[in-house]
Amino acid sequence: MALREEQILRYSRQILLREVGGRGQEKLLAGGVRLKATGTAGLTAAAYVAAGGTAVEAGPESLVPGAEGFLVKADEVGRPGPEVLARVLPDVNADALPARGTGRLAELPAAWDGEGPWVALGGDGTRGVVVFRGTTGCPGCFEATTAGLGAPPSGALGVGLGALGALILQRLLLGMEPVLGARGWDAPGMLTDLPVRRCGRCG
Ligand SMILES: [Zn+2]
């Protein structure tokens with residue numbers, strides 16, 4: 001997919017970043033995620049992913065308190081996600097529609113399918129956690145690593161976690177992350193690499 005002139009203007013900042021470049025921007029535009037998120041972390045991630053040119057397709061869930069932020073106004077809490085996103089995404093970035101790609105971006109708990117990449121936003125009670133899998137990563141190890149994690153934090157910690165999740169998703173689309181990984185997001189924005197748990201088959 002070649003970039004149109006208006007897209008080169010819109011994405012000029014990230015195209016200039018040596019790591020993304022024109023080819024990288026084409027990869028971000030070709031990718032897409034199905035979103036399963038109703039709160040702060042997931043909708044913040046969706047806003048960044050959409051702003052970067054990657055497609056976002058909402059799951060059927062209704063938005064919960066905490067969803068309001070970059071994408072969603074307070075009076076839209078309680079409404080179905082697809083209805084709200086169909087209205088607000090074209091204002092963020094028309095390239096975030098229509099749905100395409102095989103990615104998944106979800107707040108835990110969640111079920112996982114499709115080729116990937118997969119990005120899970122969760123929490124362990126003291127910090128936010130992002131677990132991620134590229135298209136060639138083992139699904140069993142991904143699910144073993146998400147096991148035991150709960151819903152992602154809300155508030156400022158959730159906003160930071162969502163931005164981190166979006167960045168990791170973009171880096172997976174660009175081939176800049178390992179095929180399996182986990183990162184912790186601690187209160188003042190401290191980032192830590194967490195171990196990947198191996199599934200029964202990988203031992
Ligand atoms: Zn495995």
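Two strands count as paired if DSSP finds at least two bridges between them. The model is a predicted one.

**Exercise 1. Which residue of strand 2 is the bridge partner of V33?**

Step 1. Strand 1 spans residues 32-36 and runs parallel to strand 2.
Step 2. Four bridges join strand 1 and strand 2.
Step 3. The partner of V33 is V56.
Step 4. Helix 5 (residues 81-92) packs on the sheet here, touching strand 1 and strand 2. Its direction makes about 150 degrees with that of strand 2.

**Exercise 2. Give the strand order of the open sheet and find its edges.**

Step 1. The sheet has seven strands, ordered 2-1-3-4-5-6-7, and its pairing is mixed.
Step 2. Strand 2 (55-58) and strand 7 each have a single partner strand, so one side of each lacks a neighbour in the sheet. These two are the edges.
Step 3. From one strand to the next, the twist averages 20 degrees.
Step 4. Helix 7 (residues 155-173) lies across strands 1, 4, 5, 6 and 7, at about 15 degrees to strand 5.

**Exercise 3. Determine the geometry of the zinc site.**

Step 1. List the protein donors: the SG atoms of C138, C141, C199 and C202, lying 2.2 to 2.3 Å from the zinc ion.
Step 2. Read their spacing in sequence: C-x2-C-x57-C-x2-C.
Step 3. Check the angles. The four donor atoms subtend 104 to 115 degrees, so the arrangement is tetrahedral.
Step 4. C141 counts as buried because its relative accessibility is 0%. C202, at 42%, counts as partly exposed.

How values were computed:
Residues numbered from 1 in each chain as written. Predicted model: local features only at pLDDT ≥ 70, side-chain atom pairs only at ≥ 80, totals over all residues. Heavy atoms only, no water. Donors = N, O, S within 2.8 Å, 3.2 Å for Na, K, Ca; no water. Tetrahedral: all angles 85-135°; square planar, octahedral: opposite > 155°, others 65-115°. Buried < 20%, exposed > 50% of the residue type's maximum accessible area, 1.4 Å probe, protein only. Axes fitted to C-alpha atoms, helices over the stretch in contact; angles between N-to-C directions. Contact = heavy atoms within 4.5 Å.
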